[in-house]
Amino acid sequence: MDRSSGGQCVAAVVGGAPGRGESRDMNDLRAPVGAPPALVAGAGHAVLIDAEGEVRILDKRQVLRALHDLAPPLLVHAPATARRLGSRGFACLDLLELFAFVHPARPVAPTPRGLALALGFEPPEGLEAAAAMLADMAQLLLGRLAALRGTEAGRCAGAIAASMAASGWGWGAAVLSALGAPAEPGPDALRVWKRLAEWEETAPRPPPSAHAVMPEAARARLAQILGESAEPRPMQADYAAAVSAAFARREARGDPHLVLAEAGTGTGKTLGYIAPATLWAETNGAPVWVSTYTRHLQRQVEAELARFYQEPMRRRARVVVRKGRENYLCLLNYEEAVAGGGADAALGLIARWIGATADGDIAGGDLPGWFAELFGPGRVASLADRRGECIHAACFHWRRCFPEHVIRRAQGADIVVANHALTMAQAVWGGLDDQVVPTHYVFDEGHHLFDAADSAFAVTLSAQEAAELRRWLLGAEGGRSRARGLRRRIEELVLGRPALETTLADLLRAARALPSRDWMETQDGLVGSAGPGEAFLAALRAQVLARSEGEEGTLECDLHPVLPQLAAAAGPFATALSRIAAPATELAKLLEQRLDDEAQTLDAAMRNRIEAACRSLARRVIMPLMAWIDMLAAVQAEPAAPGVRPDLVMFLRLERRDGAERDAALLRHFLDPTIPFAMSLARPAQGLVVTSATLRDAGEADAEGAWLEAEARVGALHLPSPAIRVAVPSAFDYRSQTRVFVVTDVAPEMDAVAAAYRELFLAAGGGGLGLFTAIARLRAVHARIAERLEAAGIPLFAQHVDAMDNATLVDVFRAEPESCLLGTDAMRDGVDVPGRALRLVVFERVPWARPDILHRERRIHLSGGDPQAYDARVARMRLRQAFGRLIRAEGDRGVFVLLDRRTPSRLLSAFPVSAQRVGLAEAVAATRTFLAEQNLS
């Protein structure tokens, strides 16, 4: 999107719209005369208000032609607008950029309605009202900047704006005018790191006490959090008392207290486990880690904790959201970007955000998700340490570093909120950057624990992984990449020490045996002409192509029986990897020896650098290489007899997209990933709560069997003592609040499916979430129904279609109660939209598990001899999770529709109410009637 022009028309915004404190009749849909054009796009058409205030409703082609003759228009979310108009971009003035400058680190849904709500306007009804409001919103934002004139905050903002204006930022002239700032940027305008606070070392935290949390104490803490005016919720109090058993004293090492707690939707389980967790942390002087699967729940947990830690400074000290280092802005990368590219709009807005952010989190934190959409995901990703190249204490910014701040805050916190992957890594590695291993955990969204453990403990030997290791060791090897190799990162640690210098040189020389990123471009004829890595990958590719069907997507085949050329290539590749692992291990050993030999002379910063280098070598080089070498040995070994239950499942994969091959891989998964989870995390812990609304399979007739299956999926069966089972029913009256329909007459062809979605969304009047099992089918339905829904006043947003990430789409859906949203698995699990904004869920077809090799082995060996029951269990759990999106609060009402006429009856027990099999016409009529009776349509 071209943002290089528009300064003159912005001046019209300042002079043409109402001033601060003034208002305008919003029934008058004409924009102020003299204001810039205003543009709001729908599906297939748009509303354009020109500088004379004339309102024009045009189709896509007409709009694009009209824009050629007009000044850059005001709009909200330039990439999404351009995509709706079928354009690659045009000069414009995006109000989101102005909002991000005026209110950095403040959330806003990136639509005209979302922006209006954030600024205190009455939300507009329809595209015309939205377009007429844009100039008013721009004027209000500029007025807020004008209030900063003469202040230190105004001077800092003006310096950044001057740098941005010099690079052609369209809002530059208006912002400088509002601030009364000079147009000449100062030399330090973007060096905002100078104003950041530094962290200070504190004494290590002593070991925790061992005081138990008694059930009545948990009830009392819950009552304290809720306050005296809260309505009694006996089931929530019962839940809090029950999960307090995880905070009892451990009686034997390796035998933790595990509470498996299923709490129906509406129980209030988040506060229910926060009560005993905060009490244990305060009493014993150690943190409890609360682990979630989705970012949405992380936000919810953080919001609920604010009810107890109400004072902001205390909350900041006691509650920390911990993420991997790659999620935070790297100040060194930011400094290099400023030095290399100057102050464009993106860097200027990042500079404003740096001064306002709570913790520097650029991936789901307070940097708006739509920022990457406006300026490209690469701009944001390049500012984080995605390559694992942190130089720790050698960095000029180390004491201001955002992740270092977070790590140190977490050491003194009561509650640390993290995702399942980081929580498992923290336990497996004995602490990532802080050598802190928690003793007590709460795993919310526990139904995802199996999948999270599967990802955490799997190993992939692929072209991309091997090339990434080569880049980590050798650096960019030419090109424009800023990738720093190992020599550059640790040069000061080895300089002048012959043994270290020689070992480092040996390691980097051996690393050249790893495949480079361009190996796919020369794949034909690799076996006889390339290095051992490329030869192995070429043989792997040949086996996949020989034994799989299809030309596009993910192609898989079993490892055994192994083609002779693949077995022959595995040995030389393993030897080459061993030649890398040996000097890497020796290098880490010599660096550790420095810590001992120079204990009396090393300062804290140098010690930190050496320790960090050793950890990085272990995690990024030595351990992956040892796993890869073991996998290559398995390639050459005799396979197990058919039908024997394996501990590990190994298979081959080839990724092909758009006629090109993207990756080739040898994969290794635990058949039961809860075994390493139990051994590495659960057994060393003292207490764990695993909780969810969907731990058990509702379709299992045998209650004991349902509990045993739930225990198996979280690793409870691998612990010495049995899990403590807790079940609290939902507080909702689903019979009166919901309806469930299975449509029996919709064919699987896309025209029929699209028509069903269209009619159901129209019947609900918006507020519909459409779920799909395939991206291609989602896109096909969107293309067929978007314009019809837009004409009825129902905006349609879609994952994989709109230029927005998932979190942004959910924010938009929540802010636009008449809109509908299409999505895939991430939307099924991560949407939390209480109230009228979500009143209909339509699932395209039964969400069976993907029929790949890993699923094949698990349904054979983990199904208890009944593979079909295993498949049904997976599908029922997914349907339960999808249904759970519908009712999030006591006042919610809604309809769930499954469009798969082949739905087996054994799956319908997933729902808490009886599902009715009906035709589409009856489902549409019943949906309209039920929602109208609830005053929702």
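Trainee: In this predicted model, the axes of helix H6 (residues 127–146) and H8 come within 7 Å and cross at roughly 45°. Why are H6 and H8 called oblique to each other?

Mentor: Let's set the angle against the classes. Roughly parallel needs an angle under 35 degrees, and roughly perpendicular runs from 65 to 115. The crossing of H6 and H8 is roughly 45°, so the two helices count as oblique. H6 passes H8 in a right-handed crossing.

Trainee: Which residues make that contact between H6 and H8?

Mentor: From H6 come Leu 142, Leu 145 and Ala 146, while H8 brings Ala 174, Val 175, Ala 178 and Leu 179.

Trainee: Where is Trp 171 found, and how do you know whether Trp 171 counts as buried or exposed?

Mentor: Trp 171 is found in the loop between helix H7 (152–166) and helix H8 (172–179). Buried means under 20% relative accessible area, and Trp 171 has 1% relative accessibility, so Trp 171 counts as buried.

Trainee: What does the side chain of Trp 171 reach?

Mentor: The side chain of Trp 171 reaches the backbone oxygen of Asp 94 at 2.9 Å. That can be set against the cut-off for a polar contact, which is within 3.5 Å.

Trainee: Why is Arg 471 called buried?

Mentor: Same test, friendly number! Arg 471 lies in helix H21 (residues 463–474). The relative accessible area of Arg 471 is 10%, and the limit for buried is under 20%, so Arg 471 is buried. Its side chain reaches the backbone oxygen of Arg 387 at 3.2 Å.

Trainee: How do you know that the length of H25 agrees with its number of residues?

Mentor: Helix H25 (residues 532–547) has 16 residues, and at 1.5 Å a residue it should span 22 Å. The end C-alpha atoms of H25 are 23 Å apart, which agrees.

Trainee: Which residues of H25 are buried?

Mentor: Among them are Gly 533, Phe 536, Leu 537, Leu 540 and Val 544, and the buried residues also include Glu 534, Arg 541 and Gln 543.

Technical notes. Residues are numbered from 1 along each chain as its sequence is written. This is a predicted model: local features need pLDDT of at least 70, side-chain atom pairs count only at pLDDT 80 or more; totals for chains, interfaces and linings use all residues. Side-chain values use heavy atoms; hydrogens and water are left out. Helices (H or I, at least four residues) and strands (E, at least two) are DSSP runs, numbered from the N terminus. The expected span of a helix is 1.5 Å times one less than its number of residues. Buried means under 20% relative accessible area, exposed over 50%, partly exposed in between (1.4 Å probe, protein chains only). A polar contact is a pair of N or O atoms within 3.5 Å; within protein, one must be able to donate a hydrogen and the other to accept it, and residues adjacent in sequence count only if both atoms are side-chain atoms. Axes are lines fitted to C-alpha atoms, for helices over the stretch in contact, and angles run from 0 to 180 degrees between N-to-C directions. Angles under 35 degrees count as roughly parallel, over 145 as roughly antiparallel, 65 to 115 as roughly perpendicular and the rest as oblique. A crossing is left-handed if the near helix is turned anticlockwise from the far one by less than a right angle, and right-handed if clockwise. Contact means heavy atoms within 4.5 Å.
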